[in-house]
Amino acid sequence: MRGLKVILLTLVALPAVFAVKSHDFKTCSQAAFCRRGRALATRARESSSWTSPYSVDPASVTIDPTKATFTAGVRSSIYPEIKFGLDVRVHEDGVVRVRMDEVDGLRKRYDEASSWALIADPEISREIQWTVAKDAVRAVYGHNNNIEVVVAYEPLKVSLLRNGQEQIVLNGDGLLHMEHFRTKEAVDQEKSGWALPEAPEEGLDLEDAQVVMQMNPRSWFEGVGDDGWWEETFGTWTDSKPKGPESLSIDINFPNHGHVYGIPQHATRLSLPTTAGEDAYYSDPYRLYNADVFEYLADSTMSLYGSIPVMHAHSAESTVAIFNAVGSETWIDVAHFVPKSTHTHWISESGIMDIFLMPGPTPADVFAQYARLTGTSALPAQWALGYHQCRWNYISSDDVRDVQTRFDEEDIPVDVFWLDIEYAEDHKYFIWDKKSFPDPVDMLHDVEAIQRKMVVIVDPHLKRTDNYPIYQQAKDLDLLIKKKDGQEYEGWCWPGSSAWVDFFNPASWDWWKSLFKTMPEGDKWAWIDSTENTYIWNDMNEPSIFNGPEISMPRDNIHYGGWEHRDVHNINGMLFHNMTAQAVMHRTDPPKRPFVLTRSFYAGSQRLGAMWTGDNLGTWEHMAVGVSMVLSLNVGGFSFSGSDVGGFFGNPEPDMLVRWYGVGAFSPFFRAHAHIDTKRREPYLLEEPYKSIVRDILRLRYSLLPVWYTAFREASVNGLPVVRPHYVVFPQDEGGFDLDDQYFVGGSGLLVKPITRKDVTETTMYLPENEVYYDYFTGHAYRGAATGKNVTVPAELHQIPLLIRGGSIVPTRERPRRASPLMKHDPFTLRVALSTTGTARGELYLDEGETFAHQAGQFVWRAFEATAEKGGKEIRIRSRDLAARNLDTAVDGVALTTYDARNAFAKDVARVRVERIVVLGLSREPRSVVADGKEVHWEYKAGAAAASKGEGTASMLLVKDPHASITTDWEITIHL
Ligand code: NOJ
């Protein structure tokens, strides 16, 4: 979002047609290193004899048995004088890490990306036996020794095989190229000796170029000329390149894997369309360069605000993945040169090669492997899963109070109110604009009265002015990012002239954390105009700089340790988020779970909080792509994600706004937000019937909070995403591999397809298996097929297509409340959706919701199971404790050694009961329903369809007050 443009927009109305200012952002052909990398790929493809010049020097191969690693020297026949070092190791869980760096180079390549992304140094497997052959080194491991990693010497190629078949191959197409450090003088001198014909002004045609290349192998490989090696311009900006060329190109192929997913963030389909090869869907590679892309396109490979260089490759037989730990700008081409196989080509501006190969073989394995590297999603505070109401801006304390009152008057639930940048005097974050917010703490207390929360924005740019203590302190402590000449960098953002803290500097960490303390220590600054329940929004942390190149920071700016901004650009936003999350967490003693929303992110950001997809437009296309973007983020390990409900720009018609609430209610992060120029659109302002529909949608979200929280808890344990695309849940069902408009919520069995088109009254949903699926609201039964089947479901404006997979038990809390903490002692409903064989299962995780007491065993974790017994004459529904049985899978990676089912939290909710059980799909009317040896009250509505048969209204048994507590074991028997 650019300042000047926003000001303009506030003066004139929003333009009728939104369009990204494409010229603000580079295409591959405008980025010299991408141009060079792609040209290399073109030359390789056009040459029948292309082979990689890189090879392992067999004499240098070293196997270190104590470290279980394999290292070797690598040379390029094009530059025999340059040395590279290769290091391959296998982790205990079978993940292979492949690193390559220049050895004794003129300079050092940036090698710290992984240290920011990884949670710890992975344990190396001691079991691995490397076998050295004449032409390769290999290691065999895994169950039945079915995994093999092979490093072939000449040309260098690293392959991961399963059952003898290649799954992931590095440098199979020979596109590896690590541009070594050199000096301009040496290059000029060398080139003066080259016998090359003068290039004609209009450039060389292909044939000429080939002649030239054959005359000089270096130009054959690297291309003619030193394209953008020493300096590069884009628009009015010049990027000086004191280090010269240092890019890294590598092809990563996935033989027999026809689909690739991930590498968020892009506004694209979930199954990534091609960017190279014949019939490429896009012409530019996917770009990872965190950027504030104003009015971004709804279908594009352009960069957006964050980067997670993680890609899944999938087929019906296998799922594998890679994580490319690089922090610099990276472009990725995707092609299917061989049908049902995927070729990718990664081109990064700088940094070492540090790639993790995840062998799968299932999506769940890959998620667990990635989680062991970079951590799981933090378990959020439970209130953070409620509804968040934001706009730019609520303009005063009284405005906030009014908005809160209106929600309550209209009985619309909401947990969090947000304040955007206008709360801060002259955009000096932390400092309230006392003209509009004279009483911030009183206002915060008013919001907190029924345990609601407030989130306020703190951006990374600091107004450069004497009367801003935060800036002055950062300056005095020498914590600000520098220009290449060592002087403080100045750029333009919301406050005008601004400076940026260098969060790569460890000295900034404690200082930043101290700023959020609400009680002063001595005469040190404290945020006394704040409370311990004030949470934070980190925006503009790509960083967004209105007068910078591509609305960001000059790449030759200098960070701590002397690294250039280009080396760390994609990691930068995560560090700010990290420090803010820690600051918020440590405001109290004992600490509370932080909530910090970020716009920019990197691999590992999932450990810190939530993200949203930035400045989307109020269009149906943006609404739709928001769904696949959130799925892609979930694939990239970042579950806690969502899009601005309503669309940031524009004034959605009521029907569009209603549909957007349907999308938001089924996103892990659910926040409405709007640009400063938009009309107010809080749900209470809607006319009927829209207002009631939105109220119902919000109540639906709140009733399903137990499902969301349980899904988040699972994500925090094993890395499985909170929203799951079809390929994750049904990895063998090809019919689901392309689907990105319907998905499952955690492991609950809920399958949803939010409507993202106008005037829809019905839609098709794809059922991937021969199982019954019930309409969540009506109990109507649909029947899938083993080969996959589309069914038509109603989708009028007031309807969200939501099905329960037969075989699931869904716990809900159905008492409408104003905010989620008020539901703490509310009773539960269990929806038992019987499978075709009369069984069902579900889980529920509960804890106090705000502190870390759960890590010490203060929680309740139950399984509900329905089984068919006595030849189908009885259905038994049971509740049993899962915590004591699964001590090794406690939350946040903290394993418990003992678990006391009577822990303090469990005692607190001991009187919470199951007030209702709804059983869908019984084959006939029960004779009796017995709980605790006593007949309980029940009602039965016969249906046209039994679960085991066809489609139609399913039978519904309602058991009222089955004498069942949520914390204890019980059993209910339905006698048929
Ligand atoms: C850009 C953010 O993306 C948007 O959500 C916010 O409202 C504006 N900055 C103003 O802070």
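By class, 7 nonpolar, 1 polar and 4 charged residues line the largest cavity (Ala, Val, Leu, Ile, Met, Phe, Trp, Tyr, Cys and Pro count as nonpolar, Asp, Glu, Lys and Arg as charged, and the others, Gly among them, as polar). The model is predicted, with local features needing pLDDT of at least 70 and side-chain atom pairs counting only at pLDDT 80 or more, while totals for chains, interfaces and linings use all residues. Residues are numbered from 1 along each chain as its sequence is written, and side-chain values use heavy atoms, with hydrogens and water left out.

Of the 12 lining residues, D420, W494, D539, D615 and F648 lie nearest the centre of the largest cavity. A cavity here is a set of points, on a 1 Å grid over the protein atoms alone, where a 1.4 Å probe fits but cannot get out; lining residues have an atom within 4 Å of a point. The space in the largest cavity is about 90 Å³, a volume being that filled by probe spheres set on grid points joined across faces, edges and corners. The structure holds 13 cavities of 30 Å³ or more.

It is the largest cavity in which the ligand sits (more than half of its atoms lie within 2 Å of the grid points). Around the ligand are 14 residues, the closest being D420, D539, R599, D615 and H673, where a near residue has a heavy atom within 4 Å. This shell comprises 9 nonpolar, 1 polar and 4 charged residues.

Turning to polar contacts (pairs of N or O atoms within 3.5 Å), the side chain of D420 has an N or O atom 2.5 Å from a ligand oxygen. A polar side-chain atom of R599 is 2.8 Å from an oxygen atom of the ligand.

Definitions and conventions. Polar contact = N/O pair within 3.5 Å; in protein donor to acceptor, adjacent residues only side chain to side chain. 1 Å grid on protein atoms, 1.4 Å probe; cavity = no way out; pocket = protein on both sides within 12 Å on 5 of 7 lines; lining within 4 Å.
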